[in-house]
Amino acid sequence: MRITLRLIVSLIVVVVFVAIVSAWFNVRQEKIKLYEEVTSRSALLADSFQESVRNNLTAKNYSGVQRLADKFQSQKQLEGVAIYDPAGTRIISSSALTPLLAVHKETVEASLKDGQDKAGTYAMANKKMFLYPLSVTLDGGEIVRIVLFTNVSYIDYDLFKIWKRTLLRLLAQMILISIVTLVVVRWTFVDPITQMAEWMKNLRIGDAHGHAPPIKGDIFAPLAKEATTLATNLQAARRSAQNEARLRQEGESLWTPERLKEHIKIKMEGRPLFVVSNREPYMHIKEGKDIRTIVPAGGLVTALDPIMRAAGGTWVAHGSGEADFEVTDAKNRIQVPPDEPAYSLRRVPLSKEQEDGYYYGFSNEGIWPLCHIAHVRPIFRKEDWQYYYDVNKKFAETVLEEIADVKEPCVLIQDYHFTLLPGMIKAVRPDTRVAVFWHIPWPNPETFGICPWQKELVMGLLGADLIGFQTQFYCNNFLDTVDRTIESRIDWEHFSAQKEGHVTMVKPFPISVDFQRPDKEAKALAEKPELKSVLKEMGLKAEYVGVGVDRIDYTKGMLERVKAVERFLEKYPEYVNKFTFIQLGAPSRTHIPQYHRFLAELHAEVDRVNWKFKAKDWKAIVFLEKHHDHKEITKFYKIADTCLVTSLHDGMNLVAKEFVAARDDNSGVLILSRFAGASRELKDALIVNPYDIEQMADAIYYSLTMPKVEIEERMTRMRHDLHENNIYKWAANLTDELMKLRMDDFKLTSV
Ligand code: F6P
């Protein structure tokens, strides 16, 4: 209230000041104007009078002058006229004026004393009298003075009226200002702040939700944004505290971001964490004139971003977004996530030729098909290899720059794009602890042997102190490959390879997801999506929905999935018009001819099947080919009766785990390829061979007819496992293992 009062008083003071100053100027102008009018009127009258006066006085005709003087009285404020001799003695005056002049004789005499014809205003019998003298020379040379008496009291009255009007207007303005200020302050500030305070109070006592507080308007937008973030954080902290408490109670130990943060701090003795990957966690792209941030599709980002959010540090990656370098600093760094900066992203710029040779060429036309048994021939070109080498070198230089001031730093390298990087870093900084996590499968030595640069790749990787794979099977394949490719000592008991005195430990670390995240995404949805309304947005109707979420890649078994849906509808026609399969596909590696052909084939297959079952308001398959964000994907996970993850070969395939994490209603069935790493853990999924179309069609049927109790039991068990084996546990295990290694004269040996 005090602020409102202060605001009102300040506004009033300003308004009063302005009004009084302007009224004062008005009054002054008006006064000058009125006096000028009286003066010129008097001058005119005196002038018209003087000739008759001269003639009559020269002729000593006093009665004639008296008559003339009487004519001049009682005219519009003119009280009368008088004539004085040079000694100041009144000769004649208008009869009505005579008594007044008798009383105020001295006043008039004083006004005429200096002999000048100077007009002036004098107080005479409660009146304000304007005296206008005019000297007239008679024919005999004698000078008399005609004096006109005008009552100018009306001028003061007129001026008083102006002041009165101004003050009344001012009063009205003051009342209006007070009312408007009170209403505006109340609407704009008091009400929203009261609501906000109420919301915060509820939040404090645990009643309110983490989403936006109930305040609107431009002024409060930044406050509302910060408050929402604060609320979300508070609730996450509260949830995690509750979780911790519950787990302590149950004697369990769940890995949370907070726990990982503490753990890493202790284990790494306060050193920052360095992550290297080709794909960056946040990409800046252009949308018209605006720059938008997107989170690229793929398991790597899904898994690593929560860790970096929790642990902090630096992530070095290829800056592949078209607006990436418009938002970074001079060192190509930017703090991310954009809404809640928690770690630093160092972007490495690559030329088009480097990207073509290193990324599209050697990594994705060479190593990718080499490691995935998906019947696509790997292509190895000499020029690509050279670019691959150069880019690894460029990343090595960047990493070395980042770790320059850190003693015994820890670097986690991701994936097949950087096989040479561990060796390059170690050669310059042998005190670095280097771990590589290989996200994709590792094939058997015969298959790997196709690569003309197999020795260089293996040697580069053995620069690492620790290499993690998704499964034990890939660890075995790797050590077998090392054994067959180079001269080294393989320790099958401890799973390590020793080359030139340096030991590389090899271990499985099945990667996972942030179990809480899909939950958060779901809560960010306005309300739980309804199957009907989601389908209505697409102009469709269906009773059952299957969903697939993939980067558009030939390893994902998407064509086989389309065929399986077709077979399912043929085999179980009662589901025609009732079951729709929605495929979310993020475009990927589109410059590679193989991916082009694959996409065209996929479209053709979807069209073929849709044409075959064509119906009004219903479609067998909906193919949504675009980049979807986490929130959109979660919506589809939530409405699905079944989720199809049917990769032909995959390191892990985190889509399977994301689907399970999203189903907090303990519903939905997961159909999972036996060739995806995830099938080793998610045993309650319906495990299928993606090449067996008949089996997949039956699996879809089974997922839709499975008793509700069984669905719940399976999903509950999978969620329980995933809850425990989340991404934070993965990161803790990996860093633990890396920190366990002892550094002796910069040669590592296992403890
Ligand atoms: O799963 C293998 C992988 O390379 C991941 O590292 C990455 O998240 C995903 O494929 C996406 O591929 P890209 O980065 O080439 O789009």
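Visitor: Where is the place of Asn332?
Guide: Asn332 lies in the loop between strand 9 (314-318) and strand 10. Helices (H or I, at least four residues) and strands (E, at least two) are DSSP runs, numbered from the N terminus. The model is predicted: local features need pLDDT of at least 70, side-chain atom pairs count only at pLDDT 80 or more, and totals for chains, interfaces and linings use all residues. Numbering starts from 1 along each chain as its sequence is written, and side-chain values use heavy atoms, with hydrogens and water left out.

Visitor: And its phi, is it positive or negative?
Guide: Asn332 has a positive phi of about 60°, although it is not a glycine. Most residues other than glycine have a negative phi, and most peptide bonds are trans.

Visitor: What about Phe495?
Guide: Phe495 is not a glycine but has a positive phi of about 55°. Phe495 is in the loop between strand 15 and strand 16.

Visitor: Val336 and Pro337, what joins them?
Guide: The peptide bond between Val336 and Pro337 is cis, with omega about -10°. Pro337 belongs to the loop between strand 10 and strand 11.

Visitor: How do strand 10 and strand 11 pair?
Guide: Strand 10 and strand 11 (residues 343-348) run antiparallel and share four bridges. To count as paired, two strands need at least two bridges found by DSSP. Across this pair, Arg333 faces Arg346 of strand 11.

Visitor: New topic. Which residues are around the ligand?
Guide: They are Arg279, Gly298, Gly299, Leu300, Tyr359, Trp368, Asp415, Tyr416, His417, Ile440, Arg551 and Arg589.

Visitor: What polar side-chain atom distance does Asp415 have to the ligand?
Guide: A polar side-chain atom of Asp415 is 2.5 Å from an oxygen atom of the ligand. For Arg589, a polar side-chain atom is 2.8 Å from a ligand oxygen atom. Leu300 has a backbone N or O atom 3.1 Å from an oxygen atom of the ligand.

Visitor: How much of the ligand's accessible area does the protein cover?
Guide: The protein covers 92% of the 380 Å² of accessible area that the ligand has on its own. Accessible areas come from the Shrake-Rupley method with a 1.4 Å probe. Helix 8 (299-311) and helix 9 (352-371) are the elements that give two or more residues to the shell.

Visitor: And the six strands in an open sheet, what order is that?
Guide: The order is 20-19-18-21-22-23, with parallel pairing. Strand 20 (621-625) and strand 23 (686-688) are the edge strands, each with a single partner strand, so one side of each lacks a neighbour in the sheet. The twist averages 20° from one strand to the next.

Visitor: How many bridges join strand 22 to strand 23?
Guide: Three bridges join strand 22 (residues 669-673) to strand 23, and the two run parallel. Ile671 has Leu686 in strand 23 as its bridge partner. Helix 17 (residues 558-571) packs on this sheet, and its direction makes about 170° with that of strand 19 (579-586).

Visitor: Last one: which residue takes a positive phi in the hairpin of strand 3 and strand 4?
Guide: Ala125 does, with phi near 45°, in a hairpin that has two residues between the strands. Strand 3 (residues 120-124) and strand 4 (residues 127-137) are antiparallel, with five bridges, and Met124 stands opposite Lys127 in strand 4.

Definitions and conventions
Near = heavy atom within 4 Å. Polar contact = N/O pair within 3.5 Å; in protein donor to acceptor, adjacent residues only side chain to side chain. Axes fitted to C-alpha atoms, helices over the stretch in contact; angles between N-to-C directions. Contact = heavy atoms within 4.5 Å.
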